[in-house]
Amino acid sequence: MKIWIVRHGETDLNAQKLMQGRADIPLNEKGKEQARKASEKIRNIQFDKIFSSPLCRALETAMILTRSDEISVDERLIELDFGKYDLKKYNRIGMKMALYYFFQQYLPAPKTVEDYESIRNRCVSFLSDLEGKGYENVLIVSHGAFVRTICQELEEKKPKTSIKYFPQNCEIRVYEMSDDGERHHFIKKINAED
């Protein structure tokens with residue numbers, strides 16, 4: 001099974017460099033264009049199943065990417081809950097949250113913020129459910145923190161080795177997973193802007 005993992009296109013909050021967690025706003029025009037460009041790069045792929053976070057920026061990206069409305073919404077694919085830090089400027093979140101954002105595997109979550117084990121458990125649960133389904137190609141549209149976590153799981157890396165990876169809007173990462181879910185490997189990265 002090939003797993004195609006995509007971070008949603010740009011929103012106005014991304015453009016303003018604001019923490020976006022569970023804030024639910026649609027793509028801006030640039031985000032829609034990024035999704036259209038990414039769609040062209042995967043236009044020949046037939047997806048057996050398309051999964052999306054319930055947040056509208058991910059759903060909209062999935063619809064543009066696949067030109068389909070047959071998208072399975074899965075709550076586990078939602079972005080990390082930034083709690084009281086939602087809608088705050090990146091450079092105004094304070095040292096505790098900034099350190100947690102970059103080193104969440106090692107530090108306790110600030111109050112009101114989802115902890116790393118929670119997002120990792122959501123990720124592992126989702127991947128376990130994919131095992132043995134017999135899909136050839138699966139598309140997953142989600143968010144930065146979730147994409148980073150699922151890629152880390154698929155690459156079976158220790159947390160510190162993947163923390164430098166911050167997916168761009170509409171970046172696609174492709175992995176191959178064995179039918180038993182035991183072996184996976186990274187195949188390629190596709191940038192919408194290239």
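This is a predicted model: local features need pLDDT of at least 70, side-chain atom pairs count only at pLDDT 80 or more; totals for chains, interfaces and linings use all residues.
**View 1. Helix α6 sits inside the structure.** Welcome to α6, which covers residues 144-154. With 11 of its 11 residues buried, α6 is largely enclosed by the rest of the structure. After the helix comes Glu-156, with a positive phi near 50°.

**View 2. Six strands form an open sheet.** Reading across, the order is β3-β2-β4-β1-β5-β6, and the pairing is mixed. The edges belong to β3 (72-73) and β6 (184-190), each of which pairs on one side only. Inside the sheet, β1 (residues 2-7) and β5 run antiparallel and are joined by five bridges. Along this pair, look for Lys-2 opposite Glu-176 of β5.

**View 3. Two helices lie across the sheet strands.** Helix α5 (residues 116-130) lies across β1, β2, β4 and β5, and its angle to β4 is about 160°.

View 4. Met-177 counts as buried because its relative accessible area is 3%, under the 20% cut-off. Beyond its neighbours within four places in sequence, Met-177 is in contact with Met-1, Ile-3, Leu-127, Leu-154, Arg-183 and His-184. For a sense of scale, Arg-92 is 85 residues from Met-177 in sequence and 40 Å from it in space, C-alpha to C-alpha.

How values were computed
Residues are numbered from 1 along each chain as its sequence is written. Side-chain values use heavy atoms; hydrogens and water are left out. Buried means under 20% relative accessible area, exposed over 50%, partly exposed in between (1.4 Å probe, protein chains only). Contact means heavy atoms within 4.5 Å. Helices (H or I, at least four residues) and strands (E, at least two) are DSSP runs, numbered from the N terminus. Two strands pair if DSSP finds at least two bridges between them. Axes are lines fitted to C-alpha atoms, for helices over the stretch in contact, and angles run from 0 to 180 degrees between N-to-C directions.
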